[in-house]
Amino acid sequence: MPLFGTFCVIGPGLIGSSVLRRLRAHPGLVDRLVVADRDPAVLERIRDLDLGDIVTEDMQKAVEDADCVMLCVPVGAIAPVAAAILPHMKPGAILTDVGSTRRSVVEALTPHLRDDIAYVPAHPMAGTEHSGPDAGFATLFEDRWCLLTPSGDAPQASIDRIANFWRAMGARIRIMDPDHHDTICAMVSHLPHLIAFTICGTADTLAEDMRAEVLDFAASGFRDFTRIAASDPTMWRDIFLNNSDALLSVLDRFSQDAAAMAEAIRKGDEKTIVETISRGRRIRRSLIENRQA
Ligand SMILES: NC(=O)c1ccc[n+]([C@@H]2O[C@H](COP(=O)([O-])OP(=O)(O)OC[C@H]3O[C@@H](n4cnc5c(N)ncnc54)[C@H](O)[C@@H]3O)[C@@H](O)[C@H]2O)c1
Ligand SMILES: O=C(O)C(=O)C[C@]1(C(=O)O)C=C[C@@H](O)C=C1
(Lines give C-alpha, C1' and ligand atoms only; values in the text may rest on other atoms or scores of the structure.)
(Ligands and ions follow the chains in the order given, each with its own letter.)
Protein backbone atom coordinates (compact mmCIF):
# COMPACT_ATOMS: atom_id res chain seq x y z
CA MET A 1 0.00 0.00 0.00
CA PRO A 2 1.66 3.30 -1.06
CA LEU A 3 1.93 6.18 1.44
CA PHE A 4 0.45 8.51 -1.17
CA GLY A 5 -0.96 8.04 -4.67
CA THR A 6 0.27 11.20 -6.40
CA PHE A 7 3.04 13.04 -4.56
CA CYS A 8 4.09 16.52 -5.64
CA VAL A 9 7.36 18.30 -4.82
CA ILE A 10 7.62 22.03 -5.51
CA GLY A 11 11.24 23.30 -5.44
CA PRO A 12 13.36 20.17 -6.10
CA GLY A 13 16.70 21.53 -4.83
CA LEU A 14 18.89 19.86 -2.21
CA ILE A 15 16.01 18.80 0.05
CA GLY A 16 13.32 18.22 -2.59
CA SER A 17 15.59 16.19 -4.85
CA SER A 18 16.79 14.12 -1.88
CA VAL A 19 13.16 13.24 -1.12
CA LEU A 20 12.62 12.38 -4.80
CA ARG A 21 15.75 10.23 -4.92
CA ARG A 22 14.63 8.34 -1.82
CA LEU A 23 11.21 7.76 -3.38
CA ARG A 24 12.81 6.50 -6.59
CA ALA A 25 15.14 4.24 -4.59
CA HIS A 26 12.14 2.74 -2.74
CA PRO A 27 9.49 2.12 -5.38
CA GLY A 28 6.04 1.58 -3.91
CA LEU A 29 6.15 4.42 -1.35
CA VAL A 30 4.17 6.58 -3.80
CA ASP A 31 2.51 5.79 -7.15
CA ARG A 32 3.39 8.90 -9.13
CA LEU A 33 5.80 11.82 -8.76
CA VAL A 34 4.92 15.31 -9.96
CA VAL A 35 7.66 17.95 -9.77
CA ALA A 36 7.40 21.71 -10.27
CA ASP A 37 9.80 24.63 -10.00
CA ARG A 38 9.87 28.16 -11.34
CA ASP A 39 13.35 27.65 -12.80
CA PRO A 40 13.37 25.81 -16.18
CA ALA A 41 17.04 24.84 -15.71
CA VAL A 42 16.14 23.02 -12.48
CA LEU A 43 13.32 21.18 -14.24
CA GLU A 44 15.68 20.20 -17.06
CA ARG A 45 18.01 18.57 -14.50
CA ILE A 46 15.07 16.78 -12.85
CA ARG A 47 14.13 15.35 -16.26
CA ASP A 48 17.75 14.32 -16.96
CA LEU A 49 17.96 12.64 -13.56
CA ASP A 50 14.56 10.99 -14.10
CA LEU A 51 13.28 12.18 -10.72
CA GLY A 52 9.71 12.96 -11.79
CA ASP A 53 6.93 11.28 -13.78
CA ILE A 54 5.46 14.69 -14.60
CA VAL A 55 7.81 17.69 -14.56
CA THR A 56 6.31 21.12 -15.11
CA GLU A 57 6.68 24.86 -14.57
CA ASP A 58 2.92 25.10 -14.02
CA MET A 59 2.52 24.81 -10.24
CA GLN A 60 -1.26 25.03 -10.25
CA LYS A 61 -1.55 22.12 -12.68
CA ALA A 62 1.12 20.20 -10.76
CA VAL A 63 -0.95 20.11 -7.56
CA GLU A 64 -4.36 19.33 -9.08
CA ASP A 65 -4.23 15.54 -8.61
CA ALA A 66 -1.74 15.41 -5.73
CA ASP A 67 -2.61 13.61 -2.49
CA CYS A 68 0.30 15.38 -0.84
CA VAL A 69 2.12 18.55 -1.88
CA MET A 70 5.53 19.22 -0.32
CA LEU A 71 6.95 22.74 -0.61
CA CYS A 72 10.76 22.69 -0.67
CA VAL A 73 11.26 26.35 -1.63
CA PRO A 74 13.14 28.96 0.48
CA VAL A 75 11.29 30.03 3.64
CA GLY A 76 10.30 33.43 2.21
CA ALA A 77 8.62 31.75 -0.79
CA ILE A 78 6.58 29.16 1.16
CA ALA A 79 3.51 31.32 1.95
CA PRO A 80 3.29 32.97 -1.52
CA VAL A 81 3.61 29.59 -3.27
CA ALA A 82 1.05 28.05 -0.87
CA ALA A 83 -1.37 30.92 -1.56
CA ALA A 84 -1.01 30.34 -5.31
CA ILE A 85 -1.55 26.55 -5.23
CA LEU A 86 -4.06 26.04 -2.39
CA PRO A 87 -7.17 26.94 -4.47
CA HIS A 88 -6.10 24.26 -6.98
CA MET A 89 -5.44 21.40 -4.56
CA LYS A 90 -7.94 18.57 -4.33
CA PRO A 91 -10.13 18.19 -1.23
CA GLY A 92 -8.60 15.88 1.38
CA ALA A 93 -5.02 16.44 0.21
CA ILE A 94 -2.19 17.24 2.63
CA LEU A 95 0.04 20.31 2.33
CA THR A 96 3.47 20.11 3.94
CA ASP A 97 6.71 22.07 3.75
CA VAL A 98 10.30 21.56 4.85
CA GLY A 99 11.07 25.17 5.81
CA SER A 100 13.76 25.85 8.41
CA THR A 101 11.65 28.35 10.38
CA ARG A 102 8.07 28.03 11.57
CA ARG A 103 6.19 30.84 13.34
CA SER A 104 6.30 33.52 10.62
CA VAL A 105 5.63 30.94 7.88
CA VAL A 106 2.58 29.58 9.69
CA GLU A 107 1.29 33.12 10.29
CA ALA A 108 1.70 34.11 6.63
CA LEU A 109 0.22 30.86 5.32
CA THR A 110 -2.74 30.35 7.68
CA PRO A 111 -5.09 32.92 6.06
CA HIS A 112 -4.84 30.95 2.79
CA LEU A 113 -5.61 27.53 4.30
CA ARG A 114 -8.78 25.61 3.45
CA ASP A 115 -10.86 23.49 5.82
CA ASP A 116 -10.53 20.46 3.54
CA ILE A 117 -6.69 20.57 3.31
CA ALA A 118 -4.53 19.53 6.28
CA TYR A 119 -1.32 21.51 6.76
CA VAL A 120 1.43 19.50 8.46
CA PRO A 121 4.86 21.15 8.18
CA ALA A 122 7.90 18.91 8.77
CA HIS A 123 11.46 20.21 9.03
CA PRO A 124 14.20 17.64 8.44
CA MET A 125 17.26 18.49 10.54
CA ALA A 126 19.57 17.38 7.76
CA GLY A 127 21.28 19.13 4.92
CA THR A 128 24.58 20.23 3.48
CA GLU A 129 26.15 23.48 2.34
CA HIS A 130 25.25 22.65 -1.28
CA SER A 131 22.03 23.44 -3.08
CA GLY A 132 20.18 22.55 -6.26
CA PRO A 133 18.96 19.26 -7.72
CA ASP A 134 22.46 17.84 -8.21
CA ALA A 135 23.28 18.23 -4.52
CA GLY A 136 20.62 15.81 -3.24
CA PHE A 137 21.12 12.19 -2.18
CA ALA A 138 18.74 9.44 -1.08
CA THR A 139 20.35 8.82 2.33
CA LEU A 140 20.39 12.47 3.46
CA PHE A 141 17.70 11.99 6.11
CA GLU A 142 18.84 8.67 7.56
CA ASP A 143 18.99 8.75 11.33
CA ARG A 144 18.30 12.51 11.36
CA TRP A 145 15.49 14.18 13.26
CA CYS A 146 12.48 15.51 11.43
CA LEU A 147 10.55 18.11 13.46
CA LEU A 148 6.79 18.16 12.86
CA THR A 149 4.88 21.30 13.88
CA PRO A 150 1.24 20.57 12.97
CA SER A 151 -1.41 23.18 13.75
CA GLY A 152 -3.89 22.33 16.50
CA ASP A 153 -6.65 21.58 14.00
CA ALA A 154 -4.66 19.23 11.73
CA PRO A 155 -6.34 15.78 11.80
CA GLN A 156 -4.30 13.12 13.61
CA ALA A 157 -4.54 10.86 10.54
CA SER A 158 -2.74 13.49 8.42
CA ILE A 159 -0.05 14.00 11.06
CA ASP A 160 0.47 10.22 11.15
CA ARG A 161 0.79 10.06 7.35
CA ILE A 162 3.47 12.77 7.26
CA ALA A 163 5.28 11.15 10.21
CA ASN A 164 5.21 7.80 8.38
CA PHE A 165 6.45 9.48 5.22
CA TRP A 166 9.51 10.86 7.05
CA ARG A 167 10.12 7.51 8.74
CA ALA A 168 10.25 6.06 5.22
CA MET A 169 12.85 8.75 4.41
CA GLY A 170 14.90 7.22 7.26
CA ALA A 171 14.26 9.99 9.78
CA ARG A 172 13.32 10.04 13.47
CA ILE A 173 10.24 12.07 14.36
CA ARG A 174 9.60 14.69 17.03
CA ILE A 175 6.40 16.74 17.25
CA MET A 176 6.69 20.23 18.70
CA ASP A 177 5.14 23.65 18.94
CA PRO A 178 6.28 26.23 16.29
CA ASP A 179 7.80 28.69 18.80
CA HIS A 180 9.75 25.95 20.55
CA HIS A 181 10.97 24.78 17.15
CA ASP A 182 12.19 28.28 16.26
CA THR A 183 14.03 28.73 19.57
CA ILE A 184 15.83 25.40 19.25
CA CYS A 185 16.74 25.91 15.59
CA ALA A 186 18.01 29.43 16.32
CA MET A 187 20.52 27.84 18.71
CA VAL A 188 21.57 24.69 16.88
CA SER A 189 21.40 25.86 13.27
CA HIS A 190 20.81 29.57 12.68
CA LEU A 191 23.38 30.98 15.13
CA PRO A 192 26.19 28.66 13.92
CA HIS A 193 25.51 29.76 10.34
CA LEU A 194 25.51 33.43 11.35
CA ILE A 195 28.86 32.96 13.09
CA ALA A 196 30.36 31.00 10.18
CA PHE A 197 29.33 33.62 7.59
CA THR A 198 30.63 36.39 9.84
CA ILE A 199 34.00 34.83 10.69
CA CYS A 200 34.75 34.36 6.96
CA GLY A 201 34.03 38.07 6.53
CA THR A 202 36.30 38.86 9.49
CA ALA A 203 39.15 36.88 7.90
CA ASP A 204 38.50 38.62 4.59
CA THR A 205 38.72 42.10 6.08
CA LEU A 206 42.19 41.47 7.48
CA ALA A 207 45.05 43.38 5.86
CA GLU A 208 45.85 42.21 2.31
CA ASP A 209 49.00 40.17 3.14
CA MET A 210 47.39 38.51 6.17
CA ARG A 211 44.31 37.60 4.15
CA ALA A 212 46.39 35.66 1.63
CA GLU A 213 48.04 33.75 4.47
CA VAL A 214 44.71 33.02 6.14
CA LEU A 215 43.54 31.34 2.94
CA ASP A 216 46.85 29.50 2.46
CA PHE A 217 47.04 28.23 6.01
CA ALA A 218 43.35 27.67 6.74
CA ALA A 219 43.93 24.16 7.98
CA SER A 220 41.28 21.83 9.29
CA GLY A 221 40.17 24.07 12.17
CA PHE A 222 39.05 27.05 10.09
CA ARG A 223 37.90 24.78 7.28
CA ASP A 224 35.74 22.51 9.48
CA PHE A 225 34.34 25.46 11.37
CA THR A 226 33.34 27.37 8.23
CA ARG A 227 32.01 24.56 6.02
CA ILE A 228 28.46 25.86 6.42
CA ALA A 229 29.49 29.37 5.28
CA ALA A 230 29.36 27.99 1.71
CA SER A 231 25.56 27.76 2.01
CA ASP A 232 23.01 29.51 -0.20
CA PRO A 233 22.50 33.28 0.43
CA THR A 234 18.77 33.33 -0.43
CA MET A 235 17.98 30.44 1.88
CA TRP A 236 19.89 31.98 4.78
CA ARG A 237 18.65 35.53 4.23
CA ASP A 238 15.10 34.15 4.52
CA ILE A 239 15.92 32.11 7.64
CA PHE A 240 17.59 35.02 9.46
CA LEU A 241 14.73 37.42 8.63
CA ASN A 242 12.00 34.90 9.47
CA ASN A 243 13.46 33.85 12.82
CA SER A 244 14.90 37.20 13.85
CA ASP A 245 13.61 37.35 17.45
CA ALA A 246 14.85 33.91 18.48
CA LEU A 247 18.11 34.36 16.56
CA LEU A 248 18.89 37.77 18.07
CA SER A 249 18.10 36.41 21.51
CA VAL A 250 20.58 33.48 21.24
CA LEU A 251 23.13 35.77 19.56
CA ASP A 252 22.91 38.00 22.61
CA ARG A 253 23.54 35.04 24.93
CA PHE A 254 26.43 33.87 22.78
CA SER A 255 27.96 37.38 22.78
CA GLN A 256 27.79 37.44 26.58
CA ASP A 257 29.46 34.01 26.78
CA ALA A 258 32.18 35.05 24.29
CA ALA A 259 32.76 38.23 26.31
CA ALA A 260 33.08 36.13 29.50
CA MET A 261 35.68 33.92 27.80
CA ALA A 262 37.54 37.04 26.58
CA GLU A 263 37.55 38.39 30.14
CA ALA A 264 38.94 35.09 31.48
CA ILE A 265 41.75 35.18 28.89
CA ARG A 266 42.47 38.85 29.69
CA LYS A 267 42.74 38.05 33.42
CA GLY A 268 44.70 34.83 32.89
CA ASP A 269 41.85 32.94 34.63
CA GLU A 270 42.99 29.39 33.83
CA LYS A 271 40.15 27.73 35.73
CA THR A 272 37.41 29.45 33.71
CA ILE A 273 39.26 28.84 30.45
CA VAL A 274 39.69 25.11 31.13
CA GLU A 275 36.10 24.75 32.38
CA THR A 276 34.72 26.43 29.26
CA ILE A 277 36.81 24.27 26.93
CA SER A 278 36.00 21.05 28.83
CA ARG A 279 32.30 21.80 28.77
CA GLY A 280 32.39 22.46 25.01
CA ARG A 281 34.35 19.25 24.43
CA ARG A 282 31.87 17.21 26.49
CA ILE A 283 28.95 18.60 24.53
CA ARG A 284 30.58 18.03 21.15
CA ARG A 285 31.40 14.42 22.11
CA SER A 286 27.82 13.79 23.19
CA LEU A 287 26.63 14.89 19.72
CA ILE A 288 28.60 12.05 18.19
CA GLU A 289 27.11 9.57 20.69
CA ASN A 290 23.67 10.96 19.74
CA ARG A 291 24.47 10.20 16.05
CA GLN A 292 23.87 13.81 14.94
CA ALA A 293 27.45 14.72 13.96
N1 LIG B 1 19.75 23.13 2.83
C2 LIG B 1 19.53 22.61 4.02
O3 LIG B 1 20.45 22.21 4.70
C4 LIG B 1 18.10 22.54 4.55
C5 LIG B 1 17.80 21.62 5.55
C6 LIG B 1 16.47 21.53 6.01
C7 LIG B 1 15.50 22.35 5.47
N8 LIG B 1 15.85 23.26 4.52
C9 LIG B 1 14.78 24.11 3.98
O10 LIG B 1 14.35 23.48 2.79
C11 LIG B 1 13.97 24.44 1.82
C12 LIG B 1 14.76 24.20 0.54
O13 LIG B 1 16.14 24.27 0.81
P14 LIG B 1 17.19 23.68 -0.24
O15 LIG B 1 18.51 23.72 0.43
O16 LIG B 1 16.68 22.41 -0.81
O17 LIG B 1 17.14 24.83 -1.35
P18 LIG B 1 17.64 24.80 -2.88
O19 LIG B 1 18.12 26.18 -3.17
O20 LIG B 1 18.54 23.67 -3.14
O21 LIG B 1 16.27 24.55 -3.68
C22 LIG B 1 15.20 25.44 -3.66
C23 LIG B 1 14.40 25.30 -4.94
O24 LIG B 1 13.25 26.14 -4.83
C25 LIG B 1 13.04 26.78 -6.09
N26 LIG B 1 12.29 28.00 -5.86
C27 LIG B 1 12.69 29.11 -5.21
N28 LIG B 1 11.70 30.02 -5.15
C29 LIG B 1 10.64 29.45 -5.78
C30 LIG B 1 9.31 29.89 -6.05
N31 LIG B 1 8.87 31.07 -5.63
N32 LIG B 1 8.50 29.04 -6.71
C33 LIG B 1 8.94 27.83 -7.12
N34 LIG B 1 10.18 27.35 -6.90
C35 LIG B 1 11.02 28.17 -6.23
C36 LIG B 1 14.45 27.01 -6.63
O37 LIG B 1 14.44 27.21 -8.04
C38 LIG B 1 15.15 25.72 -6.21
O39 LIG B 1 15.01 24.73 -7.20
C40 LIG B 1 14.19 25.80 2.46
O41 LIG B 1 12.98 26.27 3.00
C42 LIG B 1 15.18 25.51 3.56
O43 LIG B 1 15.07 26.44 4.63
C44 LIG B 1 17.09 23.34 4.01
O1 LIG C 1 24.73 20.48 7.55
C2 LIG C 1 24.48 21.53 6.97
O3 LIG C 1 25.20 21.99 6.09
C4 LIG C 1 23.28 22.28 7.31
O5 LIG C 1 23.33 23.47 7.18
C6 LIG C 1 22.05 21.58 7.72
C7 LIG C 1 21.08 22.37 8.59
C8 LIG C 1 21.75 22.65 9.95
O9 LIG C 1 22.01 23.81 10.26
O10 LIG C 1 21.96 21.69 10.67
C11 LIG C 1 20.68 23.64 7.92
C12 LIG C 1 19.44 24.11 7.93
C13 LIG C 1 18.34 23.30 8.32
O14 LIG C 1 17.14 23.83 8.41
C15 LIG C 1 18.64 22.01 8.86
C16 LIG C 1 19.90 21.53 8.83
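Which elements cover the buried residues of α4? The cover includes β1 (4-10), α3 (59-63), β4 (68-71), β5 (94-97), α5 and α10 (233-242). Here, helices (H or I, at least four residues) and strands (E, at least two) are DSSP runs, numbered from the N terminus. The model is a predicted one, in which local features need pLDDT of at least 70 and side-chain atom pairs count only at pLDDT 80 or more, while totals for chains, interfaces and linings use all residues. Residues are numbered from 1 along each chain as its sequence is written, and chains are lettered from A and ligands numbered from 1 in the order in which they are written.

The buried residues of α4 themselves are Val-75, Ile-78, Ala-79, Val-81, Ala-82 and Ile-85. A residue is called buried if 20 or more other C-beta atoms lie within 10 Å of its own, exposed if 12 or fewer, and partly exposed in between, with C-beta atoms placed from the backbone.

Six strands make up an open sheet with parallel pairing, in the order β3-β2-β1-β4-β5-β6; two strands pair if DSSP finds at least two bridges between them. At the edges stand β3 (54-56) and β6 (118-119), each with a single partner strand, so one side of each has no neighbour in the sheet. Within the sheet, β1 and β4 run parallel and are joined by four bridges, with Phe-7 opposite Cys-68 in β4. Cys-68 also has a bridge partner in β5, namely Ile-94, and β4 and β5 pair in the parallel sense over four bridges.

The domain assignment, which is automatic or from a database, gives domain 1 (4-176) and domain 2 (180-289). Their centres, taken over C-alpha atoms, are separated by 31 Å. Contact, defined as C-beta atoms placed from the backbone lying within 7 Å, links 15 residues of domain 1 with 16 residues of domain 2. On the domain 1 side, α4 (75-85) and α5 (103-109) each supply at least two residues, and α5 gives the most, with three.

Domain 1 and domain 2 both give residues to the shell around ligand 1, so ligand 1 lies between them. This shell has 28 residues, the closest being Gly-11, Gly-13, Ser-100, Gly-127 and Ser-131; a residue is near a molecule or strand if its C-beta atom, placed from the backbone, lies within 6 Å of it. At least two residues each come from α1 (14-25), α4, β7 (122-124) and α10. Ligand 2 also lies between the domains, because both give residues to its shell. Around ligand 2 are Ser-100, Met-125, Ala-126, Gly-127, Thr-128, Glu-129, Ser-189, Ile-228 and Ser-231.

Note on methods
Contact = placed C-beta atoms within 7 Å.
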